[in-house]
Every structure is written in structure tokens, then in C-alpha cells.
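Please look through the sequence and the model that follow, and then work through some questions about the fold, its backbone and its side chains.

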Amino acid sequence: MLESNAEFLVPEIMDVIRAYGREQDDFVHYFSYSGGKTFNSIQYDGAFHDFTEECSEEDPIVAKRLVKRCTKLAFYLVLCAKYGDLPWGALTGIRPLKLARMEQREGRDFTALFDKLHVSPANTELCRRIMATQGETYRAGGQDIYVSLPFCPTKCEYCSFITAPIEKTRSYVQPYLECLVKEIYSLRPILRDVRSVYVGGGTPFVLSAEDLAKVYSAIREVMPGEYEFTVEAGRPDVFTDEKLSVSKEYGVNRICVNPQSFLDETLVKIGRRHTAAQTVSAYEMARKYDMDINLDLIAGLADETPEDFAYSVNKAIELRPENITVHTLSLKSGSRLKEETKRLFISGITDMISYARQALTAAGYDPYYLYRQKYQAGGLENTGWTLPGKVCIYNVDTMEEIASNIAVGSGAISKRYFSAEDRIERCAAPKDLPTYIAKTDKLILDRNKLFTEEE
């Protein structure tokens, strides 16, 4: 239990405490500010720890940010002394690259701050490499479009998305598509400089080629021209030549194949119906249509060992997709795994991620985006890797939050980026399919209002 006299600091403190899995421990915290200095006094495990730091910033917003940072660091130092370092140190945010770039914009080398926050040298170097790989792809402004198709063959144990098995939601498919297409057409007056379109799920390829064509046709009619057009086709067992052909016909130029693992035993345990052989078959099928391919793996699944995960990494590299994303398993609200597990303690998880970095680098891949999640095994991260010149624009824009994201469909969250103020405003759609269908007209009005307001 945490007792603190500074309520506004409690969420920041709890991020550090959770990272160490010490939520059940007793902490007493006293914070004060005087004479341009912050004072943090922490009582923990029978000892007192006092920290003082200069904080003479006049801008109240910046000052508050610095106060939060030094408080998190104080708690990290207390817990680190007892339980050891974490790979990201006291940096608990979802997007480490945003902090690094903020430091650069203010004329500072971000490595000094990362060192202060006890970020490991390897992770600091990873961030540096990512910024170099992003290069000119990193461009503030413009719009990305997200289209939600929340249907799946089955629901995986780690999944927190709103998806449900298609057998249980098939009656909603046609009314859902009607509303979705209506939303897509409603975007006409608010579109400006579309950089990418991403059709995600769920597993979009669980739908028929005819149904996919309805969505594609609306997208191409409203958004003609050239842009990155990605479909998260999803699980290999739903791939067909017909679906790939219609995707190519409507201009899809990037497709996601998501095996998660190349071990059949693991796939059974996590609730997947496909096999590793089907992943290879789907990949080879997609290759015939001259699209860039993204492939996803997850470290820490179903009691896999570092050797098991290394096998999947090697198989992915052998296929040679343009992008490979390496996720670290995390506990997500709404997932079966989260309901059954309080905390992830996965033996060898750090070795898994370390191997992936080394093997992908040796194979000619460069890291190009990164994000972290709460309750992530080992306090690690998710990293996207790319072959030279094959960066996925949508992933960069979304993870760095440097473009507006106009999202349609159930559970979709539109984000308008106000570049002059470097801030974001959001508009979320209902997650429940019947509620989304009933409220589509209001959702269109709310979202379009957000994107027509003057900046």
C-alpha cells in the first residue's frame, strides 16, 4: 500500500512500483518543494530514504513534468538497490522515443537523460538506431486512416481486442459493414494529406473476398491516389488466393501475416487453429502478389524457452519479410491471460529479446519503431524491424504520435494531432458491435466535428 501526501504523483509512483511487482508492499512517501528544489522522502522496508534535486523551472507544465520524473527516479533508486536494475530504468512511459526526441528538440543529447534514468546502454543505443532508421519517414503532420474489422476465427489467450469468434458474431457482419462503409464515405470533407491506410482487426481475412471488396471499394473511392495501404490479414489459416487477389486489385501494397510462433505446440496452447506449415504457405501465397509483408512474433508465449523463441526468430528471418515485429508478452485488460495471471514471470525473457536483436541485426534488419506496455514481461518492449527502405509509415506515425489518425469502426479511436501545440485530442467509438451499429450517425458527427475545428 502506498501512502503519499502528493496525490498527483501517485500514478507516476505506482508505475515504478508495478514494474517491480511490489504493489502489496507498504510505502510511505512525503513530497515537498522549496527554494527551487524538490524533496522526496520514502519509508520502505524499515528504512528511510531522502532525495533532493534542483528544479527551478519557471514554466509550470515543464516543472510538473520534472517533479514527476525526479519522484519516479527516487522510487526507482530505492527499489533498484534492493531488487536490481530494470532494462528501461525509471523510464516507465509507453513511447521512449518521444522523450528522446523532445530532448533533441530542446538542444540536448537525450543520452544524458536516459543515463540519469538508468536506461540500459543497450536500450539507449536501440533508441538511437530507431531514430536513424526512421530518417525522413519521421514527418509531423498529415493523416493516417485506420479501418477496424473486429472479427477473428478464435480469440487468443493474450488478446484484449474486442474481437470474438466469427461463429458468434457472423450475424453482425453485414450490418457492421454497412455502417463501416457509411463511415468511410463520411470522411470525404475531412481528408487532408493521407499518408497511409491500415485495415486492422481482429483478422480481416476471416471475411470473404466479397466482403473485403466492399470495404476496399469504399476506401479507394473516397481516397484515390498513391499511399501506403496495409491490411492486417492476420492468421495464416484464413488466407486464400481470392482474398489476396482482390486486395491487390484495390491497391493494397503491404500485408501482415501474424504467426506469433513457429511452434505448433505453442499455437495450440494460445488458442490458434493454424500450424507453422500454414504460416509458410500463407507467406509464399502472399509473395506472389508483390506486396511488402509484415510478420509478427511474440516472446514469452506458453512456456517457450529461449531456444524455442530463437527457432521462431530464425524461421522468420529465413522467410525474409520486409518487416518483423518482435512483441514481448504483456497482460492486457480483457484477455483470458490477464484473468488467469496476476503477473508475468517468464524465465529467459530477456535472453529472448536479446537474441532477436542480435539475429535481426546480423540478418540486415534495422529497428524502426518501439513501444512499451504496462504489465509487460521483464519490463521489456515491442520493436519493429525493417529491411532497408521498407519502413512502415503507419507504424511510425502511430507510435510516435506525429500525425492525425482518423479511425472508423467499432473500438476505433480517432486522434487529431495539433502540431502547433504538440497535443492530441481523441474521439472513441463504442467497442460493442450492436452499440456501434446503433450509434454510427452520432459517431460520424462527433468525429467530423473534431477534425473540422480550427487549430
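Buried means under 20% relative accessible area, exposed means over 50%, and partly exposed lies in between, with a 1.4 Å probe and protein chains only. This is a predicted model, in which local features need pLDDT of at least 70, side-chain atom pairs count only at pLDDT 80 or more, and totals for chains, interfaces and linings use all residues. Residues are numbered from 1 along each chain as its sequence is written, and side-chain values use heavy atoms, with hydrogens and water left out.

Q: Is Ser312 buried or exposed?
A: Ser312 has its place in helix 12, where helices (H or I, at least four residues) and strands (E, at least two) are DSSP runs numbered from the N terminus. Because its relative accessibility is 1%, Ser312 counts as buried.

Q: Which residue has its backbone nitrogen 2.9 Å from a polar atom of the Ser312 side chain?
A: Contact means heavy atoms within 4.5 Å, and, not counting residues up to four places away in sequence, Ser312 touches Ser261, Phe262, Leu263 and Leu297. A polar contact is a pair of N or O atoms within 3.5 Å; within protein, one must be able to donate a hydrogen and the other to accept it, and residues adjacent in sequence count only if both atoms are side-chain atoms. The backbone nitrogen that lies 2.9 Å from a polar atom of the Ser312 side chain belongs to Phe262.

Q: How many secondary structure elements does the protein have, and what is its radius of gyration?
A: The secondary structure comes to 17 helices and 17 strands. The radius of gyration is taken over C-alpha atoms, and the globule rule is 2.2 Å times the number of residues to the power 0.38. For 455 residues that rule gives 23 Å, so the protein is as compact as a globular protein of that length, with a radius of gyration of 23 Å.

Q: How far apart are the end C-alpha atoms of helix 11?
A: The expected span of a helix is 1.5 Å times one less than its number of residues. Helix 11 holds 12 residues, 276-287, and should therefore span 16 Å, which agrees with its end C-alpha atoms being apart by 17 Å.

Q: Which elements do the buried residues of helix 11 pack against?
A: The buried residues of helix 11 are Ala276, Thr279, Ala282, Tyr283, Met285 and Ala286. They pack against helix 9 (241-249), strand 10 (254-260), helix 10 (264-269), strand 11 (292-299) and helix 12 (306-319).

Q: What is the relative accessible area of Gln260, whose phi is positive?
A: Most residues other than glycine have a negative phi, and most peptide bonds are trans. Gln260, in strand 10, has a positive phi of about 70 degrees although it is not a glycine. Gln260 is buried, with a relative accessible area of 7%.

Q: What is the omega of the peptide bond from Gly201 to Gly202?
A: Gly202 is found in the loop between strand 8 (194-200) and helix 8 (209-222). The peptide bond that joins Gly201 to Gly202 is cis, and its omega is near -5 degrees.

Q: How many disulfides does the rule give?
A: A disulfide is counted for a pair of cysteine sulfur atoms within 2.5 Å. The cysteine sulfur closest to that of Cys179 is in Cys427, and because it is 16 Å away, it is too far for a bond. By this rule, the count of disulfides comes to 0.
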